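Here are my notes on the fold, kept to helix packing and sheet pairing. Please read them with the model open.

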Amino acid sequence: MKTEFKFSNLLGTVYSQGNLLFSPDGTCLFSPVGNRVTIFDLVNNTSHTLPFAHRKNIACLGLTPRGNLLLSVDEDGHAILTNILKKLPLHHFRFKDKVSTLAFSPSGRHFAVGVGRHIEVWHTPSTPDQNVDGELEFAPFVRHRVYTGHYDIVSSLEWSSDSRFFLSGAKDLTAKIWSLDPEEGFQPTTLAGHKDSVLGAYFTKDQEKIYTISKDGAVFRWEYMKNPNAPELDENEEMEDFDNDTHMQWRIAERHYFLQSNAKVKCAAYHPDTNILVAGFSNGVFGLYDMPDFNMIHTLSISQNDIDFVTINKTGEWLSFGASKLGQLLVWEWQSESYVLKQQGHFDSMNALVYTPDGQRIITVADDGKIKVWDIKSGFCIVTFTEHTSGITACEFTKKGNVLFTSSLDGSIRAWDLVRYRNFRTFTAPTRLSFSCLAVDPSGEVVCAGSVDSFDIHTWSVQNGQLLDRLAGHEGPVSSLAFAPDGSVLLSGSWDHTVRIWNIFDRTQTSEPLQLQADVLDLALRPDSKQLAVSTLDGQLTFWSVSDAQQQSGVDGRRDVSGGRKITDRRTAANASGAKSFTTIRYSADGSCVLAGGNSKYICLYSVSSLVLLKKFTVSINLSLSGTQEFLNSKLLTEAGPEGMFDDRGEASDLEDRLDNLLPGSKRGGDPSIRKRVPEVRVTSVAFSPTGRSFCAASTEGLLIYSLDTTLAFDPVDLDIEITPASTLQVLEQERDYLKALVMAFRLNEASLLRRIFEGIPHGNISLVVSGLPVVYLPRLLRFVAIQAESSPHLEFCLLWIKAILESHGTWVSENRGTMEAELRTVNRAVTKIKEELRRLAEENVYTIDYLLGQPATEETGFLDGQKTLANGEAKIVDIDMDKDDEDGWIGLED
């Protein structure tokens, strides 16, 4: 089995904190997700997460006007410059203090950052396509100027359209006008008059007016006008004064107020081209206003908590909102008053996950009582179930894949129809219990659940919802349940140090205990139902034979899983006992490996046959989470405890930030007396996809997907100096050796060249080329043809390729189905798409064809000699006498 799994995507979290960005064309949205950046393609309805990660949560983002460079800055001021097209980090840089805001100039030559009370303007790093020599710069970050004058943190920056001036707003209740370079007759101007922090300052399109918005809901319009307190002048002096602007200054021309009851303004955005002002409030309402008259267009409540950020795309049609407390991300089209995107992650930590049998979707359940279905290809949540009234602990699919079962602490087991998206059955126990685990019979007729409150296992019939039996035998809470894939036995793990094998379908319903040395945390069955893997509290992984009930082997995983010292730990990471066990284990699709995770930052992949640790994956390097560091910084440890645990809310400058609305013990888990909590890194559940090409892990940061890198950059072993794009095209066009040209194109692995060679092979030679193709290139060819079938207009040409591949190499594909699973699913999806499109096209045109066939034939339209027509449902041949010169004669259907 291949083990080169790499980070592929991050699901389950759509927005954490910081600012949102639209791409220059307005079709993509950049969202900070913890210490990563996720890009949402709003046109193609897909999302992907950039592969790099910061060491702290991202505080702000900036994008060049060309849309090719992304600058992301974390909470400590560490910046990463990224090439968006290639998804590669180009340069790391560290500002000297925390960065509060960031803005690129419209010209793209400079960017301004708010660093504490100061504003720094830097030259935009150049890329190789901008340099004459096409080289990278050694020190790409060059500071242009530093601007001082504010007395508190800078909260907003906005450039003028000509990139000569920029506005800044700060918490010192003022806004200032700055020039990029010294301008003759210009002095930095302070716009004072607000009674609360200035959230935003914006130029109008003609740059003759300025709008400033403060936190208390005041909107001021500033104009460059004459000072009314200036002395009266005669006509000659007025003309001179008009020329030299002696008595002209920026003054408040008009004041407006949002008047939202007891709600503060949290964010604002202004679009100069359409004169639209958007404001988000602390009560979850946003307002849309037409400037300069301040006419309200509409308001809408989109959240129960603060709206943290709002932005507008370039055309002014789409508004994007982010609410960090509930993890909400919305894109709103204000003209049609409809959602373009509406996504929300889990509010509480995820407890379990499961793949659908086709491997296209992932179901997650969490402590917030919600069940979410995530589409792997698009990265979006497509449906959310909210019927459970308490935290959900486990989820399981039936073998057919249309029914999902979930267990909850509210005392119910629910069955969900994932075709109609509804809850069609609810199972309960005679007494109120909090269920912690469940298992479903492969036939889908029996469901079992275990509880922490009761030591019995409850069994229900799915058909009628009746309680069938209560299996007694454990002397401690039941922690995990699993049916054998062949449905022969039920296995249960308990805190009483035993695993029991139940024959629930026999008359005797006997159970056989397997004795272990510690509490059982999780168990997993191999797909062939012959082997059982058990994880215990002492960090041991033991493997048992199901038929013989004998232990076959074991692995000590304490050293592998332990790692990362939490802030509150008094012991080092190597000696901490809380993270030295696996809480979740799963077999791979072929049963050769076991994937294990626990309350640490590591996921371990073990080989079952050799009992060797094949690979260890690090879930997160985010220092904002507790448990990602191996050693704590002694400078942050004081006599009163770690600095990270100090409650410094009382020192906040804003009143609403100083207020403590929490009650002691109101949050689940941990010490109720602790006022400040730092999220701990942990892995609550792992699962392999049915194809074995990827696996998923539910962690503190979200749903992490790791997959095998199927896109090979190039194969240096197969390359030589003679294989070039020019020589490949020469072999295709002049020598007409199509098989050799195709192999050369695969060795170079350039998409444009491969497509040209593919389309240049005549359709009559397809079967001959495919039959002679080495099988080493077969998976890549099949995947390439399937992708072309989805996007290319040459439908029949692609179908001929697929047919030839399956006819010539069908036996090899069948024998290697495990490694070809992803390619075959891609082919299946492409063929299904073609079938549906052709069916829909035929249904749309059938009446048009019937109408055309029902028209009478005339000399003008005419039929060709021997052409077939339809008359009364029967095909007839039209015989046309070409020598007949009678104009009055009628040519039509024969009787």
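**Notes on helix packing and strand pairing**

1. Start with the contact between H6 and H8. From H6, the residues involved are Leu 754, Arg 755, Phe 758 and Glu 759. They meet Phe 784, Val 785 and Gln 788 of H8. By class, this contact has 4 nonpolar, 1 polar and 2 charged residues. Bear in mind that the model is predicted.

2. Now the geometry of that pair. Helix H8 covers residues 778-791. The axes of H6 and H8 come within 12 Å and cross at roughly 85°. Angles of 65 to 115 degrees count as roughly perpendicular, so H6 is roughly perpendicular to H8.

3. H6 also packs against H5. Helix H5 spans residues 738-748, and helix H6 spans residues 751-760. Their axes lie 9 Å apart, at an angle of about 165°. The cut-off for roughly antiparallel is over 145 degrees, which means that H5 runs roughly antiparallel to H6. The crossing of these two helices is left-handed.

4. Which residues make the contact of H5 and H6? H5 supplies Tyr 738, Ala 741, Leu 742, Ala 745, Phe 746 and Leu 748. H6 supplies Leu 753, Leu 754, Ile 757 and Gly 760. By class there are 9 nonpolar residues, 1 polar residue and no charged ones. Note Leu 754: this H6 residue is listed in the contact with H5 and also meets H8.

5. Turn to the sheets. One is open, with 4 strands in the order S22-S23-S24-S25 and antiparallel pairing. Strand S22 (265-271) and strand S25 (295-301) stand at its edges. Each has a single partner strand, so one side of each lacks a neighbour in the sheet. On average, neighbouring strands here are turned by 15° against each other, direction ignored.

6. Within that sheet, look at S22 and S23. Strand S23 covers residues 276-281. The two strands pair in the antiparallel sense over 6 bridges. Cys 267 stands opposite Gly 280 in S23.

7. Another open sheet also has 4 strands, in the order S2-S3-S4-S5, and its pairing is antiparallel. Which strands stand at the edges? They are strand S2 (21-22) and strand S5 (46-49). Each has a single partner strand, so one side of each is left without a neighbour in the sheet.

8. Last, the pairing of S4 with S5. Strand S4 takes in residues 36-41. S4 and S5 pair in the antiparallel sense over 4 bridges. Ile 39 stands opposite His 48 in S5.

Conventions
Residues numbered from 1 in each chain as written. Predicted model: local features only at pLDDT ≥ 70, side-chain atom pairs only at ≥ 80, totals over all residues. Heavy atoms only, no water. Axes fitted to C-alpha atoms, helices over the stretch in contact; angles between N-to-C directions. Parallel < 35°, antiparallel > 145°, perpendicular 65-115°, else oblique. Left-handed = near helix turned anticlockwise from the far one by under 90°. Contact = heavy atoms within 4.5 Å. Nonpolar A, V, L, I, M, F, W, Y, C, P; charged D, E, K, R; others polar. Pairing = 2+ DSSP bridges.
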